[in-house]
Amino acid sequence: MNLSFKLTGDFVPVENGCKILSKRLGINFSESGTPLYVKNEGDSLVINTESDGYSITYSNLTEFFRGLGILCDGIRKDIDFGVTEKKRFETCGIMYDVSVGAVYKVETAKNLIEQMAIMGLNMMMLYSEDIYEMEKYPKFGYLRGAYTSDEIKEMDEYAKIFGIELCPCIETFGHLEAVLKWPEFSHMADNAAVLMAGEDSTYELIEEMIKVCAQNYTSRNLHIGFDETYGTGLGKYLLKNGYRPLADIFFEHLGKVCEIAKKYGFKPMMWNDMIFKLDGTQSFLIEDTEKLGVPESLYKRYPENINLVYYNYGGAYGLDNQKVTRALLEQTKKFDRPITFGGAIWTWGQLSAGLNKTYISTKVQLDLCEEFGVKRAFACVWDTLQHQTNLYTAIPGLQIWAELMYHKDADMDYIWDRFESCTGYNKDDWKLLYPDDFSDEDMKKYSNPDAYCINSSYQHLYNDILTGMLDKTLSGYDFKSRYKTFLDGIKKVSGGDMKPLFERYKALYELLYVKCDLGINLRKAYQDGDKKELKKLFTELKKLPTLYEKYHNSVENDWYELNKPFGYSGMDMLLGTIEARVKTAISVIGKYLDGTLDSIPELECEIDLWCQSDKPLTELGAPTGFMSTAILPGNF
């Protein structure tokens, strides 16, 4: 049902955005259309039915575009309006990681901006360790797909159309491995990842970083990083200056960076994890929260112009992490500085976003943030290990954050309905993209309570056929039937403009359906001396190279559709490695079956439980709660 409106009232600020979103929302604007009265006033979003049309009252642009989406959906569903919504937080945004694996194309970023606008999210960060060009430092972002100044400005201008703040998010202390590996920067390195504090050349580099941000971005909020600066003062700094307390180095460097930010008109914010680690005994996330404490002598060492970003993604404390979140918010509030909260849409260490974890964690955390008076919050869409997750599987996660920003008690049924109306995509089709979102019943029976996030499909994809370190742990659940259900469902989905996305996951399910129990069954048949069964399984094994190649090709197509080519080499090598291991398994078992080999020592080994976990719904590294790459091909 196409809708036609005539914009009237205070419509000039929203006119361009309406034109851009018209196709996405199935609307047009003409003089003969139904009057849509636009009012910029008050502090809420209000949508009403008028005598001759409709009205949208908004306090900021993103509220209007959210309201436009709600209005179109309501008209199609024949709903009478008076709708009033008020954001729980001043800033509700999304941070996307473009530094660890993939760098989004500008058009991909624009697509995300449009999605965010209709949902009502008003801030966007692109986490950029070195993913922006600096003419003065040619090796900064070299061969990494760094954004040009023109590309950043284009994204910035596009976001402004919808009232979305594109906020620079960089690193000015740690997480600079990709830069410090080059000889040109070696004199600025304390260790492989952390800049050398106190060096003139370090502050020349940082000033250039911030100067370039000032030139490229309209926003004058600046995220300066400062997270996970492990080993500060213990590398080249120690050799040159002798030992100094970490707190002294940390706060001196922070003060200088904040002064540079102030010089260029920025209000800086920083990840606030290291304050909990400065004496070497405290931890950002510790189980005994009663012992959590930062000495009062450190409270006032923060520069006055800093905003503290307290981040917490759910952690390895079960999904209800209320105790930890509350304790750390209480501690952070004592610093007497503005607080921003950073949560998560769970995308890392997985093959698609984890929506169950995202919803349960976010619901708890945002409720507590509101209780503590936090005004700004954003979700991190992190990337790890070569961008394993298709970016668009996180879109329902955006919807989770958007709806919980406006409706404290929004449940997943409501959120999926809103996803369907905001995106135009079929919610039942999209639910087929999340094979690791298990039912509450399955989670209670089969999951490890301190697991970070379930990623069974990831484990099946990379578990080695011959060594099979995960076989015993994963044998306690009927994954084959589950993958069959997802495969049967996704075969019926055309995908529309998201066809590459659905083709990727169809190829994944075809592969996982064959592979998930193959290593287990091969080992059993071999140890039982059942060559007839082994030959039968060998036929199944020989299907895997074709299935892996199909999945590999779909990932490549997906990548080049959404991202710059830089970074794909890592994904290429990762999938290529497990494909090589499958071919080796075929060769070894084939030689055993034809008598060339007398035995297969790998299949004679008894497999232990992975990390002593007998719960099949776990994740790599459980029960320690940390992701591990130890079971990847070749155990590298």
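## Helices H9 and H10

A crossing is left-handed if the near helix is turned anticlockwise from the far one by less than a right angle, and right-handed if clockwise. In this predicted model, H9 passes H10 in a right-handed crossing. Helices (H or I, at least four residues) and strands (E, at least two) are DSSP runs, numbered from the N terminus.

The axes of H9 (residues 322-333) and H10 (residues 355-371) come within 10 Å and cross at roughly 30°. H9 is therefore roughly parallel to H10 (angles under 35 degrees; over 145 count as roughly antiparallel, 65 to 115 as roughly perpendicular and the rest as oblique). Axes are lines fitted to C-alpha atoms, for helices over the stretch in contact, with angles from 0 to 180 degrees between N-to-C directions.

## Helices H20 and H22

The axes of H20 (residues 531-541) and H22 (residues 568-593) come within 11 Å and cross at roughly 150°, which means that H20 is roughly antiparallel to H22. Their crossing is left-handed.

## Asn221

Asn221 lies in strand S10 (residues 221-223). Asn221 counts as buried because its relative accessibility is 12% (buried is under 20% relative accessible area, exposed over 50%, partly exposed in between; 1.4 Å probe, protein chains only).

The side chain of Asn221 makes a polar contact with that of Glu165 at 2.8 Å (a pair of N or O atoms within 3.5 Å; within protein, one must be able to donate a hydrogen and the other to accept it, and residues adjacent in sequence count only if both atoms are side-chain atoms).

## Basis

Residues are numbered from 1 along each chain as its sequence is written. Local features need pLDDT of at least 70, side-chain atom pairs count only at pLDDT 80 or more, and totals for chains, interfaces and linings use all residues, while side-chain values use heavy atoms, leaving out hydrogens and water.
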